[in-house]
Amino acid sequence: KAYDTDVDDEPDCQPQYIDDVICPKEGDIPCSTIPKLENYCAELLGKDIADQMKGVEKERGMNAMEGCMKYVGYHVVDKDHLAC
C-alpha cells in the first residue's frame, strides 16, 4: 500500500530482503504489459486481497494492488511506476 500514492509522495525502495519477496524472479515482468503485472501482483497478494482492492480508491495509500504494480512495474512515463 505504501506505493499507492502520488509519485512525489512515494517512499524509497524497500530493503533487499523485501525486494527478494516482492520482485519477480522473471526479469521480463517489470517491463511487461499492465495485465501481466496485474496477474503477477494478484498472485503475490492472493486472490482475496486482489479482489478486495478492485473497488478501493487509488493514490490514497489504501490499494495494495496499485502499490504492488507501481513498485514492480516499469511503466515510468505513463504510470509512475518504480521497477524492481
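Buried here means under 20% relative accessible area, exposed means over 50%, and partly exposed is anything in between, worked out with a 1.4 Å probe on protein chains only. Helices (H or I, at least four residues) are DSSP runs, numbered from the N terminus. The model is predicted, so to speak of local features a pLDDT of at least 70 is needed, side-chain atom pairs count only at pLDDT 80 or more, and totals for chains, interfaces and linings use all residues. Residues are numbered from 1 along each chain as its sequence is written, and side-chain values use heavy atoms, with hydrogens and water left out.

First, confidence. The predictor's confidence in each residue, pLDDT, runs from 0 to 100. The chain averages 82 on that scale, and 82% of the residues score at least 70.

Helix α4 (residues 64-72) is the element to look at next. It is mostly covered, with 9 of its 9 residues buried. Leaving aside residues up to four places away in sequence, Glu-66 touches Asp-4 and Lys-58, where contact means heavy atoms within 4.5 Å.

What makes up the largest nonpolar core? A nonpolar core is a set of buried Ala, Val, Leu, Ile, Met, Phe, Trp, Tyr and Cys residues joined through side-chain atoms within 4.5 Å. The largest one has 11 residues in all: Ile-29, Leu-37, Tyr-40, Cys-41, Ala-50, Met-53, Ala-64, Met-65, Cys-68, Met-69 and Val-72. Two or more residues come from each of α2 (34-45) and α4, and α4 gives the most, with 5 residues. In soluble globular proteins, nonpolar side chains tend to be buried together.

Then there is the cysteine pairing. With a disulfide taken as a pair of cysteine sulfur atoms within 2.5 Å, the count comes to 1. Cys-41 and Cys-68 form it, with their sulfur atoms 2.1 Å apart. The pair links distant parts of the chain, as Cys-41 sits in helix α2 and Cys-68 in helix α4, 27 residues apart. The angle about the S-S bond is -85°, and the link is left-handed. Cys-41 is buried because its relative accessibility is 0%, and Cys-68 is buried too, at 7%. Cys-31, by contrast, counts as exposed because its relative accessibility is 55%.

Two other spots round out the picture. Gln-14 is found in the segment before α1 (16-22) and counts as partly exposed because its relative accessibility is 25%. Its C-alpha atom is separated by 9.3 Å from that of Tyr-71, 57 residues apart along the chain. Gln-14 touches Tyr-3, Asp-19 and Tyr-71, again not counting residues up to four places away in sequence. Lys-25 lies in the loop between α1 and α2 and counts as exposed because its relative accessibility is 67%. A polar atom of the Lys-25 side chain lies 2.5 Å from the backbone oxygen of Asp-20.

Definitions and conventions:
Polar contact = N/O pair within 3.5 Å; in protein donor to acceptor, adjacent residues only side chain to side chain.
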